[in-house]
Structure formats: structure tokens, C-alpha cells
There are 2 protein chains.
Amino acid sequence: MKLSTRAEYGIRILVALARAEGEGPRSLAAVARSEKLPHAYLEQLVRELRRAALVTATRGKTGGYQLARPAAEISLVEAVRALDGPLLEMPCAGPDNLEVCDRPQDCSVHEVFVRVHSSLEDTLSATSLADVVATAGGPPYPVAVRRRRAAQHAQMTANAAAAADRPMPAAPAR
Amino acid sequence: MKLSTRAEYGIRILVALARAEGEGPRSLAAVARSEKLPHAYLEQLVRELRRAALVTATRGKTGGYQLARPAAEISLVEAVRALDGPLLEMPCAGPDNLEVCDRPQDCSVHEVFVRVHSSLEDTLSATSLADVVATAGGPPYPVAVRRRRAAQHAQMTANAAAAADRPMPAAPAR
DNA sequence: GCAAAGCCGACCTTCACAGTCGGGATTTCC
DNA sequence: GGAAATCCCGACTGTGAAGGTCGGCTTTGC
């Protein structure tokens, strides 16, 4: 299970643009340099971000890219979807959770995959570019990670309860 | 972003075995038949499940496989890890969430990926095989939507512009 | 008109995934 | 003791997608 570099790089592009919000167009070459990523490849990706209306382009010598909307209104899930397609690509867990798998009669695992899908969706759509920018550059990692995990876990269990309307037995405490 | 068929089939095997809990060994051929999956491939996968001590094998004519522990004590995350490796394979989100990425100084997206990782982990580890068995065979699934990935993806990117005003919960700040 | 930017399609390489195959080793049943 | 059914294993293969490059346009500012 992995997120493609497409999505990862795409997010990095968007975050870089978010940091330069309000400063006019930022050239892709500059982004590539600062993020240490291959320019030619980013070009391919940013095209799709533009087609997905996440980014606007200005041509010409002083051109570049800008976010199409305020950073606080662009969630990561949009970036991932634009570059990577469905969040969880499985016959059993469609992007809209309505898709049905090959074994409608006895697909034992359908519900689980739907849950995994919504969990991904929740996490990604709850984070905006502005959030990412605000969070970056904190204390050294292990510390930040532990703190984050604790907070995250509390929140997860909270909205797990909220999402319990789905026909799934309550999660057993491990 | 996708879960490999390895993991999916592996889960299906385990669920099939969980259904036959207490009935002695179940032959892989039987599982393959009932799940409509290629026997030779499953053989490869079940080997890894055995090495991961999720399953025990009995050889000989009346042989087969059984769960190594009660179905209620085996969570899906174990199956996924055994067959698919790290939950979220990224430099920025190690299996134990302590691993650090290439850009320790200014990796803007580290925190997000750690969050996605824990979200996956929470969901998968909160579901045991027994839960899956208990949930299966419930009410009929929603009306079928034809599977056309390309079309889906195209439509998705096209809709992105229109979906500009989705409500977006703010991520908890650190 | 030249340089710097965006724009585009085609191409290339590598590698993991999904799946097959053929042959062994064990056990059971008759 | 053999036939049959099972697990066990390494090796092989084909396909597709991921990751990235390239060359050549068009647009714009100075």
C-alpha cells in the first residue's frame, strides 16, 4: 500500500505554492529547486493540477503558478484524487462508497474496505494546504510525531463513534 | 493508492478459515473454489501467512489450513502487513512512525503522512476476522454502479472545479 | 527578437504485481 | 504398499504502470 510519488510530489508543489500565497505566480523551476524534485516531471504533474482547477498558470517570462483558491480551502484529498485517481482502488470500495464488487452475494470483505476508504478520506479531507504550511517546521520529529499521534488517536476514536451508523460491529478493544 | 490483490486475497483466505473455525483443517483448494480465486496463487500467499504465524498447516490427505489463533484475536492489519509489507510505504511515514524522511530540515508533508498512516492502522487493527465474519451476508448492497475506472477518473477531474465549495473541517493544529 | 516561462505529446526504462508451472514431501485411506 | 490428496517450494513469465526524460511548440516581458 503506497501513495504514489505523483501524489506526494503534487502535494509538495501545492504546499510550496501555498507558502508563496499572495506573492504572485511562482515559477515551477523555483519549486523544483526548492523541493529538490525533477522539474520535467513536475511539469507533467502540475498540468493535471491545473486541469483539476487547483492551480492557475500565468505564461510568459514572469509567469508561474498560483493556487486557484485560498490554501485553507484546498484539501489534500483533492490533490490525491487529481493525481492518483480513486483514493482506494478496489472493486470493493468505490470512491463514492456505492460501487459494488464482483461478488454481491457473499463478498465478506466489502464493508471493511469501505471503512478503510472513508478513513482515508476523512484524514485527507480534514487537512488543508494551510494546515500543512502551519504545521511544518516544528520541533524535531520523534517528539512531534508522538504528540501528534496522541492527539490523532483521540480524535480518531471520537469520529469513529460518529461514523458508527455503518453496519459494522463496534471495534473490539485490542 | 491501492491495496494489492495479495492483501485482499489473503484476507479472503483468512476470513474463509475463520468461518470454518473449529471444524479442523480446511483445504486450500476448497477455499479457492468457494472464493473463486486461483489456487496456485493462493498457495503462494498462504505460505506467507503461515510464516507470519497467522495460520497453521496440516499435511496429508485430510490436511489443510486453520487459523493459528482465535478469529477474534487476529486483526486485519496483521494480514496486510504479512502480505503487503508496511501499511503506507513512504520515506515520510515509516511503519513505526519514527522513521525520518530525506528532508529532515524542511519536510513539509511529514506530519500528514504520519496521520494517514495511523488512520489506516487504526482502522485495520480495529477489525478482527471475527468481526468480518459477523458482518458478512447482511442486507443487499446498494444498486450497482458499473465499474469504469477511466471514465470515473475523467469525471472526477472534470468535477473538481464544480466541487469548490465543500465544507472543510479544520485539522487540529498542533 | 530573445530569454524565460508555461504547454504538450511521445518516448523510454525499470520493476513489482499477478499468476503459472513442475516437481517434491507427507499423510491417509483402502 | 500404493494411490490420492494435500501441503511445500523455487523458478519462471508477461503485462502494465510508475517514474522520469526529451524535444519542440506558444506566450509574454523587456
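These questions and answers concern a predicted model. Residues are numbered from 1 along each chain as its sequence is written, and chains are lettered from A and ligands numbered from 1 in the order written. Local features need pLDDT of at least 70 and side-chain atom pairs count only at pLDDT 80 or more, while totals for chains, interfaces and linings use all residues.

Reader: What is the order of elements in chain A from the N terminus on?

Author: Helices (H or I, at least four residues) and strands (E, at least two) are DSSP runs, numbered from the N terminus. Chain A has seven helices and two strands. Their order is α-α-α-β-β-α-α-α-α.

Reader: How many residues surround DNA strand D?

Author: A residue is near the strand if its C-beta atom, placed from the backbone, lies within 6 Å of it. The closest include Ser4(A) and Ser27(B). The number of residues around DNA strand D is 24.

Reader: At what angle do the axes of helix 1 and helix 3 of chain A cross?

Author: Axes are lines fitted to C-alpha atoms, for helices over the stretch in contact, and angles run from 0 to 180 degrees between N-to-C directions. The two axes come within 10 Å and cross at roughly 75°.

Reader: Which term describes helix 1 of chain A relative to helix 3 of chain A?

Author: Angles of 65 to 115 degrees count as roughly perpendicular. The axes cross at roughly 75°. Helix 1 of chain A is therefore, relative to helix 3 of chain A, roughly perpendicular.

Reader: How many of the 16 residues of helix 5 of chain B are buried?

Author: A residue is buried if 20 or more other C-beta atoms, placed from the backbone, lie within 10 Å of its own. Helix 5 of chain B is mostly covered, and its buried residues number 14.

Technical notes
Parallel < 35°, antiparallel > 145°, perpendicular 65-115°, else oblique. Buried ≥ 20, exposed ≤ 12 C-beta atoms within 10 Å, placed from the backbone.
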